[in-house]
Amino acid sequence: MYFKGINSYGDRGLVLDFGNETSKSISQEVNETFLNISNLNLQSLNIIPSFNKIVVIFENSKIRDQNKDKISMKMKDTNSQTNKKVTKAWEIPACYNEDFALDIKIIQKLNQITKEEVINLHSSVRYYTYYIGFMPGFPYLGDVPSQLITPRLATPRVKIPARSIGIAKNHTCIYPKVSPGGWNIIGQIPFDIFDLQSSYPSLFLPGDEVKFYSVSLSEFEKIRKYNFSLNELIKEYSS
Amino acid sequence: MNSIIITRAGTHSTIQDFGRFQYQHLGVSPSGAMDQRIITELQKIIPNHQNQFLEFAYVGPSIKVKEGSVKICVGGNCNMSIQKNNNSQLECQPYKSINLFEGDELIIHNTIDSVYGYIAFEHGLGLEPCLNSYSTDTKAGIGSINRPLNDEDIFHISKDVSSWDLISIPKPDLEKVTNFKVYPGPQLQYFSDNTLQSFISGVFTITNQSDRMGIRLKGESLISSKSHDILSEGILPGSIQVPSDGQPIVLMRDIPCTGGYPKIAILNEVDISRISQLPPETKITFDLQTIY
């Protein structure tokens, strides 16, 4: 148990605190707790997990205070916690072609490795989805192999192409759509990962496992043309 | 069928409601009307608004009835008039329902000593919800209409006006507040007692770099004694975050879903609406509530 306690966040929010460290095992506890809290069907407006916190917001302080006890009881009652996993394992095609790998040279230079080594290392790891944030459907994945750890760009890029794969510190990510951002871009995936037409609009969910595999530009373009829906992507690329 | 056309979009006109909830864990911001007090008042005049309110800022939109007729009501503090089909001009007031007939044009000139105003339409604007809400987040491209409104946008309202009776309410008391009682933020302890004293005793000016995402303030620098870089965590509208330049930002309705700056304090819900109405150059102060 990493859970430390529940604090107030203003007059209508709560913060469930899991300490100040970050690790996969802390995140697993956060994401299991997120499911447990979601299953309580509280009168909450939003439940927001991150590396080591869960923020819960209510309409007002009265509802917040009523629901705080329910959360406290759930956290104490470890027997009733479902450790049921509802996550997916993904194998995601990634094209590391130089047209897409805008910042791969920064990573090569900093870590004194070749382009092929960056690609092999990045696609060698089964990443854990810490949480979804920053923008709709944006997964924080980790941890990257130590030889790939690279700080954010000193000057963020104004326009990162949609579907770009990035690395910052010990995390990797996918930009669901065009956005400003400071991650080092090393490739691109051939499909969209956030779809407003779907009632479950995000392809990735906290706790999912994601592994990339390298595809050629022609293979990338072939997949791109299919225009997969989220449901088709689940069938094609997850287990 | 009734239809209206936007003849002048104004600045920052978007469709909003009370907010989009249950999706922030997927990176979707709550959005919603900046001043929720006003749309709450408009509900009393146009109960069947279908949660499809038009929000405008500073310069209002002009809308013309293309076909049929519509019943609407404007909320906020603004100058406006109606150009009738027969070329006569009519005065009109906020918080009083308005019947508009084919060829009539409602012209909202500007908001007065405030920022945001709203229009409620009986039977809504014929829109479909997006992730259970009509709100627009233009930065994320999410909404029934996923962008600000443009000139020539047309809305079809299939149901006819229920009654021509004019309904009005007393102008709500939305007095201007410039002193805000705030609660301690999750990273209050990132700031020394001296810095907290500067926060409480200092005067902060609202800058023109303010929008639906956040209100940037200018004032005495609030430098953290620990760090301005925290591990990203969930954030709520009303939070006052302090990046490394020490100039606080009040996060508003289109917040990023998680943030990596320490939050010194947080406003209560009604004060988010109040602060949204303060134009650039307004000077504000904060009072920190210790017990809550």
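Predicted model: local features only at pLDDT ≥ 70, side-chain atom pairs only at ≥ 80, totals over all residues.
## Chain A as a whole

Let's start with the secondary structure: chain A has six helices and 13 strands. Along the principal axes, its C-alpha atoms fill a box of roughly 55 × 35 × 35 Å. The radius of gyration of chain A is 19 Å, which agrees with the value near 18 Å that a compact globule of 239 residues would have.

If you look at contacts in chain A between residues at least 6 apart in sequence, 63% of them join residues at least 24 apart.

## Two domains in chain B

Chain B is assigned two domains, with domain 1 covering 2-157 and domain 2 covering 179-288. Taken over C-alpha atoms, the centres of domain 1 and domain 2 of chain B are 29 Å apart.

Where the two meet, 16 residues of domain 1 of chain B are in contact with 14 residues of domain 2 of chain B. The side of domain 1 that touches domain 2 in chain B is made up of five nonpolar, seven polar and four charged residues.

## The largest nonpolar core

Which residues touch the most other members of the largest nonpolar core? In this set of 133 residues, they are Ile54(A), Ile186(A), Tyr118(B), Ala120(B) and Val250(B).

Ile54(A) is a handy one to bring up on screen. Leaving aside residues up to four places away in sequence, Ile54(A) touches Leu16(A), Val30(A), Thr33(A), Phe34(A), Ile37(A), Ile47(A), Ile48(A) and Pro49(A).

Key
Residues numbered from 1 in each chain as written. Chains lettered and ligands numbered in written order. Domains from an automatic or database assignment. Contact = placed C-beta atoms within 7 Å. Nonpolar A, V, L, I, M, F, W, Y, C, P; charged D, E, K, R; others polar. Core = buried A, V, L, I, M, F, W, Y, C linked by C-beta atoms within 7 Å. Buried ≥ 20, exposed ≤ 12 C-beta atoms within 10 Å, placed from the backbone. Helix = DSSP H or I, 4+ residues; strand = E, 2+ residues; numbered from the N terminus. Rg over C-alpha atoms; globule rule 2.2 N^0.38 Å.
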